[in-house]
Amino acid sequence: MKLTDAEKTALVGCTTACVAVVREHFVQRGLQKTMDGLLRKPRGRVPDGDQEARIVELRLGELGIVESVGRQTLYKL
């Protein structure tokens, strides 16, 4: 049974770009190496811009580099 990319994305819950990348890896690397790459541990959450700014602000304060940091300064980083 042949599925279209749209059917594959609906079945797996990913994007058509993801299907294309997996197909390309399969052709270039073979089944086992492709599956090994897909089964790696998921990454943790990545902080959003506000969270990242807060981390920078806290770290600069802990290091004694500055007493406070303005929001606009952080957005320029």
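Colleague: Hi! Which residues does Thr34 touch, leaving out those up to four places away in sequence?

Modeller: Thr34 touches Val22, His25, Phe26 and Arg29, where contact means heavy atoms within 4.5 Å. This is a predicted model, in which local features need pLDDT of at least 70 and side-chain atom pairs count only at pLDDT 80 or more, while totals for chains, interfaces and linings use all residues. Residues are numbered from 1 along each chain as its sequence is written, and side-chain values use heavy atoms, with hydrogens and water left out.

Colleague: Thanks. Is Thr34 buried or exposed?

Modeller: Thr34 is buried, with a relative accessible area of 7%. Buried means under 20% relative accessible area, exposed means over 50%, and partly exposed is in between (1.4 Å probe, protein chains only).

Colleague: And where is Thr34 found?

Modeller: Thr34 is in helix 3. Helices (H or I, at least four residues) and strands (E, at least two) are DSSP runs, numbered from the N terminus.

Colleague: What does helix 3 meet in helix 2?

Modeller: On the helix 3 side, Leu31, Lys33, Thr34 and Leu38 take part, and they meet Val22, His25, Phe26 and Arg29 of helix 2. The residues of this contact divide into four nonpolar, two polar and two charged. Here Ala, Val, Leu, Ile, Met, Phe, Trp, Tyr, Cys and Pro count as nonpolar, Asp, Glu, Lys and Arg as charged, and the others, Gly among them, as polar.

Colleague: How do the axes of those two helices cross?

Modeller: The axes of helix 2 (residues 16–29) and helix 3 (residues 31–38) cross at roughly 135° and come within 7 Å. Axes are lines fitted to C-alpha atoms, for helices over the stretch in contact, and angles run from 0 to 180 degrees between N-to-C directions. Helix 2 and helix 3 are therefore oblique to each other. Angles under 35 degrees count as roughly parallel, over 145 as roughly antiparallel, 65 to 115 as roughly perpendicular and the rest as oblique.

Colleague: Let's zoom out. How many helices and strands does the protein chain have?

Modeller: The protein chain has five helices and zero strands, and its pattern along the sequence is α-α-α-α-α. Of the 77 residues in the protein chain, 8% are buried.

Colleague: Okay, new topic: how many salt bridges turn up in the whole structure?

Modeller: There are three salt bridges in the whole structure. A salt bridge is a side-chain nitrogen of Lys or Arg within 4 Å of a carboxyl oxygen of Asp or Glu.

Colleague: Why would such side chains pair?

Modeller: Side chains of opposite charge can pair when their charged atoms come close.

Colleague: Which residue forms a salt bridge with Lys8?

Modeller: That is Asp5, and the closest N and O atoms of Asp5 and Lys8 are 3.9 Å apart. Asp5 and Lys8 are three residues apart in helix 1, so about one helical turn separates them. Lys8 is partly exposed, at 27% relative accessible area, and Asp5 is partly exposed at 26%.

Colleague: And how far apart are the closest N and O atoms of Asp5 and Arg23?

Modeller: They are 2.4 Å apart in the salt bridge of Asp5 with Arg23. This pair links distant parts of the chain, with Asp5 in helix 1 and Arg23 in helix 2, 18 residues apart. Arg23 counts as partly exposed at 37% relative accessibility.

Colleague: What about Glu57, which side chain does it meet in a salt bridge?

Modeller: Glu57 meets Arg54, at 3.3 Å from N to O. Both lie in helix 4 (residues 49–62), three residues apart, about one turn of the helix. Glu57 is partly exposed at 22% relative accessibility, and Arg54 is partly exposed at 41%. Elsewhere, salt bridges that share partners join Asp5, Lys8 and Arg23 into one network.

Colleague: Last one: which element has the lowest mean pLDDT?

Modeller: Helix 5 (residues 71–76) has the lowest mean pLDDT, 66, while helix 2 has the highest, 91. pLDDT is the predictor's confidence in each residue, from 0 to 100. The protein chain averages a pLDDT of 81, and 88% of the residues score at least 70. Where pLDDT is low, the predicted coordinates should not be read in detail.
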